[in-house]
Amino acid sequence: MVAGKLLNRTDLIRIFMDKEKAIKPVVFLDRDGTLNVEVGYIRDLNDLKLIEGAGSSVRKLNERGVAAILITNQTGAARGYYSEDHIKALNTRLVNLLKEEGAYLDDVYYCPHYKEGIVPELSFECQCRKPEIGLVERAYEEHPQLDRERSFVVGDKATDVELASNCGAKGVLVETGYGKQVQSGEYQWKVSPDYQAQSISEAIDWILSELD
Ligand SMILES: [Mg+2]
Ligand SMILES: [Zn+2]
């Protein structure tokens, strides 16, 4: 009777070791313009809408055992447009919209800081605003099973691609959000990502083929 079997010490050590070794590939996902439609600073929660394919893409990562971690710069509170709680509410709405599609994020990290902001508590230079790697490093600390050797960043800005090279991940630029303007030289600066995708769906399909 399997259910009644007692585990001996060797079994327990083996289970512990396997858990330690259970390293997961990881995709660090940008939020605005990558998972949800870029509409500028979102004051009304209802204006946060998923980009087509975002839910099924994150679900594919979930099903393949690839961690999906949100890493987002959110300066709206530092600029005085809304409170930091509103940033949290927007992230929660994103999580809930993904849940409706049977998808989940393994964790959510945001940087609320902005050097030129007007709200003193949030207006300083930090180590977590992309392309700085502070949030990625926090994710690695808090999720020791993540495998740095199989890490990816997906985003629509040059700063997302720069984050990838700063943290040793492969960078994927999506053409949604600011992606096209980045590559035409109209926004930030042109970049050479490891892959350029029309949208999140294509980005995740490429990443999964790289992991095969
Ligand atoms: Mg973005
Ligand atoms: Zn920060």
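Which residue just after α3 takes a positive phi? Do keep in mind, as you look, that this is a predicted model.

1. The residue is Gly102, where phi is about 75 degrees.

2. Ile87, Leu90, Leu94 and Leu98 are its buried residues. These residues lie on the same side of α3 because they cover an arc of only 80 degrees around the axis. Exposed on the other side are Asp85, Thr92, Asn96, Lys99 and Glu100.

3. What do the buried residues of α3 pack against? Their partners are α2 (residues 54-63) and β3 (residues 107-111).

4. Further along, please check the peptide bond between Lys130 and Pro131: it is cis, with omega about 15 degrees. Pro131 sits in the loop that runs between β3 and α4 (residues 134-142).

5. Gln188 also deserves a look, as a residue other than glycine with a positive phi, near 50 degrees. Its place is the loop between α6 (residues 179-183) and β6 (residues 195-197). Is Gln188 buried or partly exposed? With 15 other C-beta atoms within 10 Å, Gln188 counts as partly exposed, because a buried residue would need 20 or more.

Technical notes: Residues are numbered from 1 along each chain as its sequence is written. Chains are lettered from A and ligands numbered from 1 in the order in which they are written. This is a predicted model: local features need pLDDT of at least 70, side-chain atom pairs count only at pLDDT 80 or more; totals for chains, interfaces and linings use all residues. A residue is buried if 20 or more other C-beta atoms lie within 10 Å of its own, exposed if 12 or fewer, and partly exposed in between; C-beta atoms are placed from the backbone. Helices (H or I, at least four residues) and strands (E, at least two) are DSSP runs, numbered from the N terminus. The arc is that of the directions from the helix axis to the C-beta atoms. Two residues are in contact if their C-beta atoms, placed from the backbone, lie within 7 Å.
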